[in-house]
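Take a look at the fold below. Then follow the report one section at a time.

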Amino acid sequence: MMNGYTARTIFHTKFMKRILKSILLYIALQVSVVYVARRLLPKTDVWRHGVPYSRILGDEINRLELARTIFNEFEGNDELSQRFRPDPDMNVKYGVLVVTSDRSDKVAGLNAQYATETVSSLLHEGLKLDPGRISILICNVDRTTIRRRDIRTISKFVDVIDLPWDSGNGNYLQQQRADYADCLRQVATNIPNAEYYLVLEDDAYLKVDFFTKLDYILKRKISVGVERGEPVDRSATVGQVKFYVGPLLSRYHTDIGSLLEILSMSFVLMGLAALVYYLVYRSKISVIYLIAIFQFSFVSCVIIGRNNIFFHRNFYEKDPLDGAGYSIIKPPGCCMAAVLYPRRVLPELVDFLGTSPRNEEPVDVAIAGYFERKNLRQFLIYPHLVRHIGDVSSNNRKNIIKWKTWRSEERHSTNTALPWI
């Protein structure tokens, strides 16, 4: 017969084993979440995946091969070569402006051809539309066309406007703001009858069926609202629509909105776990386990990432075909890789950018603040309709040098020349 001391010892031993098993199970589950998130999800809040140099090179080769195919299709075809050139007397749905600058780096020897790749994606998507739906203008902000081989090639198929760099106008932010205003002024002058103006930086690569999805989103989600159960036209309240922001800007932040989101998700997951436990064991789950499940859910939400929980449609970025599955959210002030402006907002926006050149705000932040003060709605479409292909120029100088060195070694080892256009 066991005495009281032995019974207590056995009880405590079993209790400690249960606690230890629970802790080990918790750690195993949390590690599993980390592993799955790192392997399957494209990006998270906790880390940003480093892009292998081999993937950068492979993607670049594929885009340039597509560009070569598209440019060969346009070469010598007078009809195609004139199809996207601006006509002041033509009414078009989208006036497209591509703002480009020279990306060569004298120290690193970088010769990124983002403009070639982006314009080729634009031509490729434009060919899917009926003639007269879009007109394209390239705004070259800092070097003349004759000094840039890529722009010379592009100018065979679309019109190019040169805005030479003028370092005497002020610092970089002021110059950037002035150049952006000048480019907007040029597209409004050369394509005066567009319903919308799509402004792309030269490293914003259009995804498949860009304009088809954009048409759907504008018609069904942005221009139309509901009041008292009836559809109403809200196109007059639109300021800008963004198609890309950096991955870190869609993460959880230390604001009340992010906190409420993550707490809500944690409580929901905790409730589902309690319900499953009750259905299986026909008894209530203990408070200790509820607290552990809540903590596990909270940490898992942070690991998986806000963009993957709320916005990402699947693991492989197969976007909805017609645009119906896209989320429309309020964008941050940052980022202007791809932006859409209604025609009616452009004159006052250009005046705003041109009349306050001493403002030290970046141009994207300044524009966001301008629309905020005008009470005009701003949108971000997610999943993104464009890819940011500036993998190299967005990295620091050390990575640019490493990338160039690796590219040179790879070319010599495979004896395969890159298809520079």
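## The sheet

In what order do the 8 strands of the open sheet lie? The order is 3-2-1-4-10-8-11-9, and the pairing is mixed. This is a predicted model. Strand 3 (159-162) and strand 9 (327-329) form the edges, each pairing on one side only. Neighbouring strands are turned against each other by 25° on average, direction ignored.

Strand 9 runs antiparallel to strand 11 (residues 377-382), and 3 bridges join the two. I328 has its bridge partner, I381, in strand 11.

## A helix on the sheet

Helix 7 (residues 210-222) packs on this sheet. It touches several strands, including strand 1 (92-100), strand 4 (194-201) and strand 10 (338-342). The directions of helix 7 and strand 1 make an angle of about 120°.

## Two crossing helices

Helix 11 (residues 346-355) and helix 12 (residues 363-373) have axes that come within 11 Å. They cross at roughly 125°, so the two helices are oblique to each other. The crossing is right-handed.

Helix 11 contributes E348, L349, F352 and L353 to the contact. Helix 12 contributes V363, A366, I367, Y370, F371 and R373. Of these contact residues, 8 are nonpolar, 2 are charged and none are polar.

## Confidence

The protein chain averages a pLDDT of 75, and 67% of the residues score at least 70. Over residues 44-49, pLDDT stays under 50. The model gives that stretch 24 contacts beyond four places in sequence. Residues 312-321 are also below 50, with 22 contacts beyond near neighbours in sequence. Where pLDDT is low, the predicted coordinates should not be read in detail.

Conventions
Residues are numbered from 1 along each chain as its sequence is written. This is a predicted model: local features need pLDDT of at least 70, side-chain atom pairs count only at pLDDT 80 or more; totals for chains, interfaces and linings use all residues. Side-chain values use heavy atoms; hydrogens and water are left out. Axes are lines fitted to C-alpha atoms, for helices over the stretch in contact, and angles run from 0 to 180 degrees between N-to-C directions. Helices (H or I, at least four residues) and strands (E, at least two) are DSSP runs, numbered from the N terminus. Angles under 35 degrees count as roughly parallel, over 145 as roughly antiparallel, 65 to 115 as roughly perpendicular and the rest as oblique. A crossing is left-handed if the near helix is turned anticlockwise from the far one by less than a right angle, and right-handed if clockwise. Contact means heavy atoms within 4.5 Å. Ala, Val, Leu, Ile, Met, Phe, Trp, Tyr, Cys and Pro count as nonpolar, Asp, Glu, Lys and Arg as charged, and the others, Gly among them, as polar. pLDDT is the predictor's confidence in each residue, from 0 to 100. Two strands pair if DSSP finds at least two bridges between them.
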